[in-house]
Amino acid sequence: MEKPLLSVRNLTIDIPVGGGTLHAVRGIDFDLNRGETLCIVGESGSGKSLTSLAVMGLLSKTIRRTADRMDFDGTDLTRATPRTMRALRGARMAMIFQEPMTSLNPAYTIGDQLTEALLLHKPVGREAARARAIELLEKVGITAAESRLSQYPHQLSGGLRQRVMIAMALMCEPELIIADEPTTALDVTIQAQILRLLYDLGREMNMAMILITHDLGVVARVADKVAVMYAGELVETGPAAEVFNMPSHPYTRGLLRCIPLPGKTERGSKLGTIPGIVPSLVGDVQGCAFRTRCSYAEAACHGDIPRQGSGGHAFRCIHEDGNRHFEEAIA
Amino acid sequence: MTGHPPKKPPILELRNVGKTYQVKQGLFGKARPLTAVNDVSLSLSRGEVLGLVGESGCGKSTLAKILLGLEAPTTGQVLVDGQEIGDQDRLSLARRIQPIFQDPYSSLNPRKSIFDIVSLPLRVHGIGDRTQWEKQVREILDIVGLPARVMNTYPSQMSGGQRQRVAIARALIMKPEIVICDEPTSALDVSVQSQILNLLGELRREFGLTYLFISHDLAVVEHLASRVAVMYLGRIVEEADVAGLFDHARHPYTQALLQSVLTPEPGLGVPDTQLGMAYPNPIDPPSGCRFHPRCPLATDHCKSHAPRPIRTEQGLVECHLYDPESQMYKNEAA
């Protein structure tokens, strides 16, 4: 077996808040190989963005991050000094943020922002950096790339800005890209184009990618592996085809029932819902976090939740196959 | 229950509505006209849901503002029950048409209690006294699925879904006939979105409401709408009933939009829509057919000739491919 590029075990993130500690992420594990795309999917507040910031070492100082292991190609990220992290970030791991409007600096030209990381990390001159910037802008489908270098972010549309963000992340040919909701602020037509672009570039450069999204449609189309996150825990992980075809955790199945499927869901019929709200994660958190909204919840759900599954498809539930067969039988 | 009788008089009608803004480019630049809405004609019959889809900047929200009386159209007429909007005062218009906006975080005043927010329309219209307001607020909160105790809480104490229910309660307390829903679920989580969509569907059936449902999410539009209009650069380029549009989209832009919908089906990959990428600048709209720079089927004819609207029983389409008098006409009965 190939050694994973990124291996995370028992990652836990605690945030001190007024009334105690917010257990935002609790004991999550995942592996990511080169050239692979992992989608972390979950609703707002589930901890998916915190997880990615933790990998990048970008959490604020007040937040406590612990892990049994966080290994990036032989580098132990849990012990990495700020200096080591700075050398990794931008060069070997890069991030694409959700808001292309706010994550570009309005006071610098596109060219300055594109070449900054390359000049910082690699022994290249201005001319070579410029040439690389033009090459990448063309690769992400921006026309008249050379003239864009002297433009400012406000002169570009949202779709173009997101392309610039992607080009910027690719400048140093990173081995890992983390994209946090890269297409949420964009129109559907542009979304399809950007996702295709990311997908093609990932294949071409054999990059590993963590794509964070709340959109199950996006997940199904681009993921190799899926990690479903709920209230700070990974409730289900596995190869995309298996998770979508055999969703085993009741939360995963609930989410899939909420979305109307063109051609499948009867028009105007009632959509599935998940009643209730996400529990507070402040203070002592025990048992299955989803039990307050789960129709199969019972007393045992307050206790330790076993991890079930085989062959890379795993989920946490006390019920055998998360009651999937039971549900299919009554349907 | 998506069918609608054909010859009922429309409750809401737009006749050749246009809206042009004068936009200055740069501090000393000369003002140039920007046509946000260009000669739009639409009609809604009572009880139907018209979905309005299109990319950002296409003019959907400007159209919504015109319908709410918040913007005056530059040309054309807006008629509610056959009466022109301009002839009615704002208050009486507000009794009939109410909005629900996208972002429940910014559309509710954070310093007002839920009771104040929901009862405001009653107070503005001078209807009833405090005991009646309380009774009505209690009723409407119950209808939108909120417990009466939230009356004394503030928006910051509520989740996104609850806030959107408050916004719906405020819109419905005057018992309007038409509700303009401008991206009502796009700021919400998936599990909450489905609750709000179900609620909007129930309310429509219960109160016989008419919706203009603006959204960029075509799967949601297909689910809720009975008819769909597709807007591009200020014009309606296609309009048809929901089955016709989703099963036999005609305009190349509609086809590309439908292809872009990512359904949660693994293995299908990301579609290649073959759409040119840049959405054109509305100040400088392309010549001829406004869609031609992005259209995979465009020819030289499209660059120089604007297509005319073609109305058949299938609905409206604005594309040379469907104009029997055009040299590009392709005779496909589909």
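## A buried loop residue in chain B

B:Leu233 is buried, with 23 other C-beta atoms within 10 Å; a residue is called buried if 20 or more other C-beta atoms lie within 10 Å of its own, exposed if 12 or fewer, and partly exposed in between, with C-beta atoms placed from the backbone. B:Leu233 belongs to the loop between strand 9 (227-232) and strand 10 (235-241) of chain B. Helices (H or I, at least four residues) and strands (E, at least two) are DSSP runs, numbered from the N terminus. The phi of B:Leu233 is positive, near 45 degrees, although the residue is not a glycine. Most residues other than glycine have a negative phi.

This is a predicted model, in which local features need pLDDT of at least 70 and side-chain atom pairs count only at pLDDT 80 or more, while totals for chains, interfaces and linings use all residues. Residues are numbered from 1 along each chain as its sequence is written, chains are lettered from A, and ligands are numbered from 1, in the order in which they are written.

## Overall form of chain B

Chain B contains ten helices and twelve strands. Its C-alpha atoms fill a box of roughly 70 × 50 × 45 Å along the principal axes.

Of the 334 residues in chain B, 46% are buried. Two residues are in contact if their C-beta atoms, placed from the backbone, lie within 7 Å. Among contacts in chain B between residues at least 6 apart in sequence, 65% join residues at least 24 apart.

## Contact between the chains

Chain B contributes 40 residues to the contact and chain A contributes 41 residues. On the side of chain B that touches chain A, at least two residues each come from helix 6 (190-207), helix 7 (218-224), helix 8 (242-247) and helix 9 (252-260) of chain B. The largest share, eight residues, is supplied by helix 6 of chain B.

By class, this side of chain B has 19 nonpolar, 16 polar and five charged residues. Ala, Val, Leu, Ile, Met, Phe, Trp, Tyr, Cys and Pro count as nonpolar, Asp, Glu, Lys and Arg as charged, and the others, Gly among them, as polar.

## Helix 4 of chain A

Helix 4 of chain A (residues 126-139) has 14 residues and spans 20 Å from its first C-alpha to its last, close to the 20 Å expected at 1.5 Å a residue; the expected span is 1.5 Å times one less than the number of residues. The buried residues in this helix are A:Arg132, A:Ala133, A:Leu136 and A:Leu137. They lie on the same side of helix 4 of chain A because they cover an arc of only 135 degrees around the axis, the arc being that of the directions from the helix axis to the C-beta atoms.

These buried residues pack against helix 3 (110-121), helix 5 (145-148) and helix 6 (158-170) of chain A. A:Gly141, with a positive phi near 85 degrees, follows helix 4 of chain A.

## A hairpin in chain A

Strand 12 (residues 307-310) and strand 13 of chain A pair in the antiparallel sense over four bridges; strands pair if DSSP finds at least two bridges between them. A:Ser310 stands opposite A:His313 in strand 13 of chain A. The two strands form a hairpin with two residues between them, and A:Gly311 in the turn has a positive phi of about 55 degrees.
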